[in-house]
Number of protein chains: 2
Amino acid sequence: MGSLQAVNEPTVLTPYRDEHLTLDFNRQHVTLDTDRLTLTRKEYELLALLVEHAGEIIPRETLLMRVWGYGGDIRTRTLDVHIRRLRKKLGGYADQYIETIFGIGYRFQPWRAPRFLPTQTSRPAMAWGA
Amino acid sequence: MGSLQAVNEPTVLTPYRDEHLTLDFNRQHVTLDTDRLTLTRKEYELLALLVEHAGEIIPRETLLMRVWGYGGDIRTRTLDVHIRRLRKKLGGYADQYIETIFGIGYRFQPWRAPRFLPTQTSRPAMAWGA
DNA sequence: GCCGGGTTGTAAAAAAGATGTAAAAACGCC
DNA sequence: GGCGTTTTTACATCTTTTTTACAACCCGGC
């Protein structure tokens, strides 16, 4: 018997890559710094969808539709729980990468060198007040 | 159509060989350390397919297709049972060699010196939680 | 500023789903 | 029929996903 048919699809999508994170859409491989992140199916699909649209806000409704196939207005917290697990696995970069857009959904942001300091969401606050 | 190659060429496949295991595709001969492994036909075909694609994840569906000719979504546990018998015959190396990819399939990994840590079976847990 | 209703975060439990395993049944060949 | 092999069955175990319950948070109105 000659060589077997390709066991894996020969799809060719350009991987995502930044300072700390890489995501290979073809092999469904994710790495954070040096480690390979082992994500479950849903975790991966969720992250992949977000990363694929890096910089864009994706509504909860859309995420629930694309990842879970949920249509209409289904009341579930599973999206939040999965986001949480992703954040956990993204470790300290979590807040940099996955942003919550209140009342709408989430947004993945490519890595950028840390700002002057705080992760100013919109809170100049009294960081150096006093 | 393509070139006029012999349809059934007596392909000479290069055997697989690592520290403990050898598999001669031509003679269908398998050895583990010093002993010869006597595998049944299905056991051999399954192992050969996995070894041939060492390092790659092969989906259950593909294994069922190529070894059993099962198409579509047939519900059977025979694959699991054969994997189990293979593992049994691979003795203590079983877990090193045949890896379960939850929800997808299996993967044969060539023998390698133990990692700095085990190949996280599937419990990344909160390694970076905190 | 404070309140209040809706939204998101979180931990834990429950449910769903997949694989591991032993044993019995079915198969195929002599 | 006997025997080795393969498949099914039934259940155990493990992983993943979803739900639950409540805490924390956001934001507009007062």
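User: At roughly what angle do the axes of helix α1 (residues 41–52) and helix α2 (residues 60–68) of chain A cross?

Analyst: Two packed helices are described by the angle between their axes and the distance between the axes. Here the two axes come within 10 Å and cross at roughly 130° (axes are lines fitted to C-alpha atoms, for helices over the stretch in contact, with angles from 0 to 180 degrees between N-to-C directions; helices are DSSP runs of H or I, at least four residues, and strands of E, at least two, numbered from the N terminus). This is a predicted model, in which local features need pLDDT of at least 70 and side-chain atom pairs pLDDT 80 or more, while totals for chains, interfaces and linings use all residues. Residues are numbered from 1 along each chain as its sequence is written, chains are lettered from A and ligands numbered from 1 in the order written, and side-chain values use heavy atoms, without hydrogens and water.

User: Which residues of α1(A) and α2(A) meet?

Analyst: Lys42(A), Glu45(A), Leu46(A), Leu49(A) and Leu50(A) of α1(A) meet Leu63(A), Arg66(A), Val67(A) and Trp68(A) of α2(A) (contact means heavy atoms within 4.5 Å).

User: What is the strand order in the open sheet of chain B?

Analyst: Strands of a sheet pair through backbone hydrogen bonds, either parallel or antiparallel. In chain B, the open sheet of 4 strands has the order β1-β2-β3-β4, with antiparallel pairing (two strands pair if DSSP finds at least two bridges between them). Its edge strands, β1 (16–17) and β4 (35–37), each pair on one side only. Strand β3 (residues 29–32) of chain B is joined to β4(B) by 3 bridges; Leu32(B) has Asp35(B) in β4(B) as its bridge partner.

User: Which helix lies across β1, β2 and β3 of chain B?

Analyst: Helix α1 (residues 41–52) of chain B does, running at about 105° to β2(B).
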